[in-house]
Amino acid sequence: MSQVLLVLNLLSLLSLSSGATSFSLGSRSILRAIDNENGGPHDYAVDLNASNFDSVLGDTPATFAVVEFFAHWCPACRNYKPHYEKVARLFNGPDAVHPGIILMSRVDCALKINTKLCDKFSVVHYPMLFWGPPAKFVAGGWEPKQEKSEIRLIDDGRTADRMINWINKQIDSSFGLDDEKFENEHLSSNVSDPAQIARAVYDVEEATSTAFEIILEHKMIKSETRASLIKFLQLLVAHHPSRRCRTGSADVLVNFDELCPLDMWSPSKQGDNNGEGTLGNFQICGKGIPRGYWMFCRGSKNDTRGFSCGLWVLLHSLSVRIEDGESQFAFTAICEFVHKFFVCEECRQHFHDMCSSVSSPFNTSRDFALWLWSAHNKVNERLFKEEAFLGTGDPKFPKMIWPPKQLCSSCRLSQSEENNGIDWDQEEVLKFLTNYYGKILVSLRKDKNNLRNDRLDWFLEDLAVSANAVVVPLGAALAIAVASCAFGALACYWRSQQKSRKPRRSWN
């Protein structure tokens, strides 16, 4: 057993190098505002360097990125910083006015670690600003005479006003420096465009991390709830749609007794909750999660949708990923998790009643996925009536029977008095659920995954076992570890030698 755990810990270290970063003590989201050491103004722009440049830009949910290359000794850069921060305030951090649209970041070229990175982008003066899709910056670069590059030099951004005007021209927006946090902001509806669910892959990470924060905040891990939490972790390890969350869940599962000792809430342990190796300092979906905002699950009001939406998307995604032999286990794990760890008392009791009404075990993944879909529609029907009466719903996203005709016209045979007033074609519904919460949900992340991460996934997805009963073929685990290391070495060897640095000048 000690040998197996040694191999698992080795693979955990490999996952850290690929951006999972599970054991990150006390770190906060990279998109959250950071106080400087003197208690001065917030820095909203994200500081990047050669070690995190690709991982941060590769994992951001933002559609666009602005990267400022500067030098900390440059007077013009210091004078420009307040202008850049005015714009970054709009897009970065949990209190961003327009979150998830643009990642505002910076790289200090005066640091030796960033020499080759700044050379790749042909930085010849300070500051230099670049714009483009985040993925295009990953392992990328920029040349002055390069044609058809999606990375563009921002040539008119020397003040905050000019920068925001330049951005507005690029994406046909109307952002303003005086914009405040949204309330009833115009958001596109999700009932007609199935591709929008792809943005929810970030929300299931947010919901997973938030759920574990709530569990810790309310001290809900007890002797009578530990088994239920382990079951849910097993399900996440095997079938969570996010690789980062699968990796982190596996780390929690393997180290469960250390992270969650039976006396973890005893007075003698309370002072150690911020110490090394405790679950309170563990980020289950990796460094930078939770981000503090929602993408697909963002409501038109500050207090609508969000966590509950993200959790439902997670549960549906799990239901369409399991195999037939896992259906009853998945049903039990989800029912127990909601009943013991969801803090809305009325909600969890209602869900528990629906779980208790199931009279026979599930034998197929089809039956479980359709049951969860039906249960969700029952919840929506109940909440729609309550919210309509009390006026507490989201006017932009009212509760509705799912899926609507716009998303799946073939799912409905006809209107009837039964089945929520709709006669459903369940086979078509199942096809829709499988595609919507399966293939489409992970489409954005699939484009970003590389071979080394996929090889690690093959191992982690088989680790759906409890922390006290880990059974993994040692030879196979070692082979995968060696293959992962070998691929990483080849990737590093593949990188070409960067050209010599050019002298750089600052803005006059």
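This is a predicted model: local features need pLDDT of at least 70, side-chain atom pairs count only at pLDDT 80 or more; totals for chains, interfaces and linings use all residues.
Local features were taken at pLDDT of at least 70 and side-chain atom pairs only at pLDDT 80 or more, whereas totals for chains, interfaces and linings use all residues. Residues are numbered from 1 along each chain as its sequence is written, and side-chain values use heavy atoms, with hydrogens and water left out.

With a disulfide taken as a pair of cysteine sulfur atoms within 2.5 Å, the count comes to 6 disulfides. When the bonded cysteines of the chain are numbered in sequence order, the pairing reads 1-2, 3-4, 5-6, 7-10, 8-9, 11-12.

Among these links, Cys-109 and Cys-118 have sulfur atoms 2.1 Å apart, and the torsion about their S-S bond is about -100°, so the disulfide is left-handed. Both Cys-109 and Cys-118 are buried, where buried denotes under 20% relative accessible area, exposed over 50% and partly exposed the range in between (1.4 Å probe, protein chains only).

A disulfide also joins Cys-297 to Cys-309, with an S to S distance of 2.1 Å, and this link is left-handed, with -65° about the S-S bond. The two residues lie in distant parts of the chain, 12 residues apart, Cys-297 being in the loop between helix H11 (267-270) and helix H12 (307-319) and Cys-309 in helix H12; helices are DSSP runs (H or I, at least four residues) numbered from the N terminus. Cys-297 is buried at a relative accessible area of 0%, and Cys-309 counts as buried at 13%.

Cys-335 and Cys-355 are likewise joined by a disulfide, S to S 2.1 Å, and both are buried.
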